[in-house]
Amino acid sequence: MRILVTNDDGIHAAGIAALAKELTEIGEVMVAAPDTEKSATSQAITVHQPIRVDRYCGAQPLQGWRIGGTPTDCVKIAVEALMEEPPDIVVSGINHGPNLGTDVLYSGTVSAAIEGALHGIPAIAVSLDAWQEEYDFTVAAQYARKVVERVSREPIPAHTLLNINVPNLAAQEIKGIAVTRLGVRQYENVFEQRQDPRGRHYYWMGGKVAHTENAPDSDIVAVQQGYVSITPIQLDLTDESLRQQLQTWSW
Ligand code: MN
């Protein structure tokens with residue numbers, strides 16, 4: 001199995017090293033990842049400046065390409081220009097921080113997987129629900145491997161991907177796998193106004209997650225309860241019921 005590994009935290013991040021190491025046990029891993037952190041870049045592509053690509057031979061198993069672009073650029077250029085054959089699967093992560101609910105729309109980690117799915121390649125995004133607390137990617141890497149092995153035996157449909165979020169718990173504390181739907185994430189106090197040394201105002205986007213009600217079968221609730229969440233994601237954003245309703249309008 002040929003596995004393309006990418007991320008949005010950059011090729012030097014600990015999460016991608018843990019992921020590549022684990023996946024080397026089950027396939028041939030090639031890494032194509034951004035040279036610096038590109039979190040929250042969504043599906044951005046680089047078209048107004050060159051994309052620099054360097055052959056990257058870090059410590060095993062980080063072999064591949066270090067790319068001066070977004071996560072989406074990395075998958076696109078790897079599949080379309082760098083790899084001799086397309087990979088059998090694209091795995092993005094392990095992100096330092098969760099990618100839950102509506103946050104997937106901003107996520108570079110998930111978008112890299114989406115780019116794989118857009119190419120018709122099975123794709124998985126993996127994130128660890130840890131931020132400032134202590135964390136270790138080992139357990140998340142083991143779950144990523146488990147899902148990759150499963151998907152290689154039982155393929156998911158074309159143009160879909162699996163978004164995995166792993167709680168920051170020891171292996172024995174994890175309650176199991178929950179197949180979920182995307183929940184809703186909202187943030188409070190997002191824009192902080194500050195002043196630069198020349199007296200001009202600027203804003204810094206921050207804030208904290210607001211407590212929103214989420215369905216019991218949502219990814220957010222599952223991870224809160226100690227489950228590894230797997231959410232199948234499709235790329236067709238069409239609202240089918242509204243489409244049918246709009247067709248009845250007199251235009
Ligand atoms: Mn990230």
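1. Asp9 is buried, at a relative accessible area of 14%. Buried means under 20% relative accessible area, exposed means over 50%, and partly exposed lies in between (1.4 Å probe, protein chains only). Ser39 is partly exposed, at 28%.

2. Some ground rules. This is a predicted model: local features need pLDDT of at least 70, side-chain atom pairs count only at pLDDT 80 or more, and totals for chains, interfaces and linings use all residues. Residues are numbered from 1 along each chain as its sequence is written, and side-chain values use heavy atoms, leaving out hydrogens and water.

3. Which residues hold the manganese ion as protein donors? They are Asp8 (OD), Asp9 (OD), Ser39 (OG) and Asn95 (OD1), at 2.1 to 2.2 Å from the ion. Donors are N, O and S atoms within 2.8 Å of the metal (3.2 Å for Na, K and Ca); water is not among the atoms, so sites may look incomplete. Along the chain, the donor spacing reads D-D-x29-S-x55-N. Asp9 sits in the loop between strand E1 (2–6) and helix H1 (14–23), and Ser39 in the loop between strand E2 (28–34) and strand E3 (53–57), so this pair ties together parts 30 residues apart in sequence. Helices (H or I, at least four residues) and strands (E, at least two) are DSSP runs, numbered from the N terminus.

4. Now the sheet. Nine strands form an open sheet, with mixed pairing, in the order E3-E4-E2-E1-E5-E6-E7-E13-E8. Its edge strands are E3 and strand E8 (176–179), each pairing on one side only. Two strands pair if DSSP finds at least two bridges between them. E5 and strand E6 (residues 123–129) pair in the parallel sense over five bridges. His96 stands opposite Leu128 in E6.

5. Next, the largest pocket. A pocket is an open set of points on a 1 Å grid over the protein atoms alone, where a 1.4 Å probe fits, with protein on both sides within 12 Å along at least five of seven lines; lining residues have an atom within 4 Å of a point. The largest pocket holds about 1,000 Å³ of space. It has 28 lining residues, and the closest to its centre are Ala40, Pro98, Asp103, Trp131 and Tyr187. Strand E5 (89–96), helix H3 (108–118) and strand E12 (208–209) each supply at least two lining residues.

6. The second largest pocket has a volume of about 430 Å³. Its lining has 19 residues, with Leu105, Leu182, Ile233, Gln234 and Leu237 nearest its centre. Strand E13 (227–234) gives the most to this lining, with four residues.

Methods:
Points joined across faces, edges and corners; volume = space filled by probe spheres on them.
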